[in-house]
Structure formats: structure tokens, C-alpha cells
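Hi,

Here's the structure I said I'd pass on. Have a look at it first, then read my notes below.

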Amino acid sequence: MQAVILVGGEGTRLRPLTSTVPKPVVPLVDRPFISFMLEWLREHGIDDVIMSCGFLATSVRNVLGDGSGVGVKLRFVEEPDPRGTAGALKFAEPMLDERFLMLNGDVLTDIDLTAQIAQHERTGAKATLALVPVADPTAYGLVHLAGDSSVKDFVEKPSSDQIDTNLISAGAYVLEREVLELVPPDRNVSIEREVWPLLIGNGLYGYASESYWLDIGTPARYLQGTFDIIEGNVRTAVQERLGDGYLAVADSAGIDGRVIPPAVIERDVKIAPDAHVGSMVVLGQGVTIGAGSTVERAVVWGGTHIGEGCTLRDCIVAAGCRIGNNTQILGGAVLGEGVTVGSENMIAHGARIFPGVTLSDGAILF
Ligand code: GDD
Ligand code: MG
């Protein structure tokens, strides 16, 4: 079966991580984010994938190639201008089969697509939306389901007073090609706002799932997704690497300090004596952690150097950064690629430092 993955959004809420790397190929634990989606699709027998790209399509293509690495056939389509979720699908129409999956390209999930497809066939639906419960539906598409699994109502980005259920659209749809007849060509069209309403009472169904599901579109959710993968809360191929000890340490890593699982320590990482790493940490290739530093609930991308006596907690530090001695990075802070922070700084409260910025010694206490 075929799938179309929408990856045309700019990923603005994940800046500064997405300032230099397109969202689909932002590294998550040990692979480009989208590989998790491709592996999940592959497990459900989907091996023909069309990536609907906008922003930075070439770099997405450069990282993923033809998909043979994950055992799928990958093709790329690039809209001339952003067409929206339905417009992008319409643009890919000549490549589409009679029945296919459509996926938002920013969800980490192990929803049972095989069961969703089976329900779609059983009900004779034109479109079947995967649904998951969330605590706060305001950022999503809210769905009211009837007893026969047909959708009674769909409200995109509901206001608080519209919320009387917790089921939202998970961004994974089984579609019949005829749905494209409802999409006008050559303009920006939202599938959520312009197509689902037309299908209510006319073939729109929901498949309610209890599976793990997360939209990784913000730094907080990126960290949550990382932790859920290394804790094994979501079924992924990373589990094999981690094993029963929830720990993956590359052979070439030099560890003189202490590592507390779950953790992933990649090649050529150096952890100095008296340093504490973990739990819930991912250190990318070639990261160095200085003596006496503590890193917990944090992600550090490859080639970053952390000085001595530092504390990194609840933060994301992108590739190639340099952090001076006795600096603290805490509280949801995110450092973009190639940031230099001098010694004796404190960066917290969700601060986002953009790529290439240099902060001198003792410059910031935030
Ligand atoms: N090709 C292309 N062109 N892709 C696009 C475009 C476009 O113009 N606009 C958005 N996308 C892609 C994004 O990259 C993302 O993968 C997906 O479409 C959904 O867009 P988001 O911007 O992430 O939407 P959202 O998260 O606010 O809401 C959507 O997802 C929720 C689940 O996470 C909606 O589908 C909601 O109904 C749903 O609940
Ligand atoms: Mg999203």
C-alpha cells in the first residue's frame, strides 16, 4: 500500500533546531525523526511512500535518499508554493493509487495501521481518521464519534468552550482517491477545515486508538518523545539497541564518569571523571562532557563540547556547540547549532539561542 507524508510545514515552533535542519530530518535519539515514521509504516506493509515537501526539500532528500536504508521506496514531490494539507495532496494526485494512507509528518506513534485499514474496509468509508485521546485538544482537530464510528463533528483547533470530548485526529488517515474530487486544484486548501466537513455523514469515519501518540512539534514535546523512546513507552527499533538495560553505549565511547540509564551514548563521546550522565540522556557522536559536569533529561547533538562543572537539565543543545565551565543550561532551554556559551552563564526558562550566537563569560543569568 501507498502512503503520502506531509512534511511541508516550516517547523517554526521547533526553532532554533529547525533553523538549520528541516523538521523531518531533525535527529531524534539516533536517527532522523522521519525514519521512525517510515519504520512504523514498513511494519504495516507500506513500502511505497511519497513525501510531500515544501521548505528545504533538497536537504530532506539528501538525508533520506531513495529510502532503501529503511526498506521503502521513497519519492518526493515539491509544491510550487505552500498548498496546505489538502492542496499538497491534490498536487500529488497523479502519483496516487485508489486507496492510500495520508500522514502528518510530525507524529511519533505506534498506532495499529493494519487495524485502521481493516476498519476502513469494513465500514466502506471514504476517509478513516485515526483518533487518540489527549489531555488538551486545543492544538488539534477535535472529533465527535457516533456509535457506528462515523464522525459526527470535526472542529479544528477548538476553543476551550467547544471541548466536550478528548478524542483528536492523530494525523493518520486512510483515504479513497475519490476524496480528491472535493479538493479544488491550484490553491491552498486545508483538509481539516475544507474537506472533512464535506465528508461528515458522507463517508467520514474515525478509528479510535489507545496507542502511544505524540506530535513532536515543540521543544518540550521533542524532549518528551526522546524520553518515551529510550524508556520504551513507544514501540520503536531503538529498543533493540537499548536492550534490557535501557542503555546503548557505542564501542568507541570513552566513559570515565558515571552513566545512569536510560541513555544513548554515541561514537567517540568522552565523559570525564566525576561527570554524571543520565538518566534520560542522549549524547550524539563526538560529544565531550567535562569533569564534574551533570547532564540529565537532556539531548546533546553531535560534536558539542561541554566544559567542567556544568549542569545541563531539561534542555536540548544542537550540534557543534561549545559550553564554558560552570555554566548551567536548564528549564527547557534550546541552543541552536554552533552556539558558543562562555563560562559562568545560566540559561533557563525555555530560552532559545539561535544558531551561531556567542555569549561571553558571565553574560547571562536568565
Ligand atoms: N506539503 C505540505 N504543504 N505540507 C504541509 C503544509 C503545506 O502547505 N502545511 C502543513 N504541512 C504538513 C506539516 O509539515 C505537518 O507534518 C502536517 O502537514 C500538519 O501540519 P501542522 O502545521 O503540524 O498541523 P497541526 O499539528 O497544527 O494540526 C494537524 O495535526 C494535528 C495532529 O498533530 C491537524 O491535522 C489536526 O487536525 C491534527 O489533530
Ligand atoms: Mg503538527
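Let's start with the largest pocket, which has a volume of about 1000 Å³. Bear in mind that this is a predicted model. The pocket's lining is made up of 42 residues, and nearest its centre you'll find Gly9, Arg13, Thr85, Asn104 and Asp106. Elements that put two or more residues into that lining are S1, H4, S10, S11, helix H6 (191–199) and S13. S11 has the largest share, with 4 residues.

The elements giving two or more residues to the shell around ligand 1 are strand S1 (2–7), helix H4 (84–91), strand S10 (151–156), strand S11 (167–176) and strand S13 (213–215). Here H4 gives the most, with 3 residues.

Altogether, 25 residues surround ligand 1, and the closest are Glu79, Gly84, Glu156, Ser169 and Glu192. They divide into 8 nonpolar, 9 polar and 8 charged.

- Glu79: an N or O atom in its side chain is 2.4 Å from a nitrogen atom of ligand 1.
- Arg83: here a backbone N or O atom lies 3.4 Å from an oxygen atom of the ligand.
- Lys157: an N or O atom of the side chain is 2.8 Å from an oxygen atom of ligand 1.

And how much of ligand 1 does the protein bury? Taken alone, ligand 1 exposes 740 Å², and the protein buries 88% of that.

Cheers

Methods: Residues are numbered from 1 along each chain as its sequence is written. Chains are lettered from A and ligands numbered from 1 in the order in which they are written. This is a predicted model: local features need pLDDT of at least 70, side-chain atom pairs count only at pLDDT 80 or more; totals for chains, interfaces and linings use all residues. Side-chain values use heavy atoms; hydrogens and water are left out. A residue is near a molecule or strand if one of its heavy atoms lies within 4 Å of it. A polar contact is a pair of N or O atoms within 3.5 Å; within protein, one must be able to donate a hydrogen and the other to accept it, and residues adjacent in sequence count only if both atoms are side-chain atoms. Accessible areas come from the Shrake-Rupley method with a 1.4 Å probe; for residues, only the protein chains shown count as cover. Ala, Val, Leu, Ile, Met, Phe, Trp, Tyr, Cys and Pro count as nonpolar, Asp, Glu, Lys and Arg as charged, and the others, Gly among them, as polar. On a 1 Å grid over the protein atoms alone, a cavity is a set of points where a 1.4 Å probe fits but cannot get out, and a pocket is an open set with protein on both sides within 12 Å along at least five of seven lines; lining residues have an atom within 4 Å of a point. Grid points are joined across faces, edges and corners, and a volume is the space filled by probe spheres set on the points.
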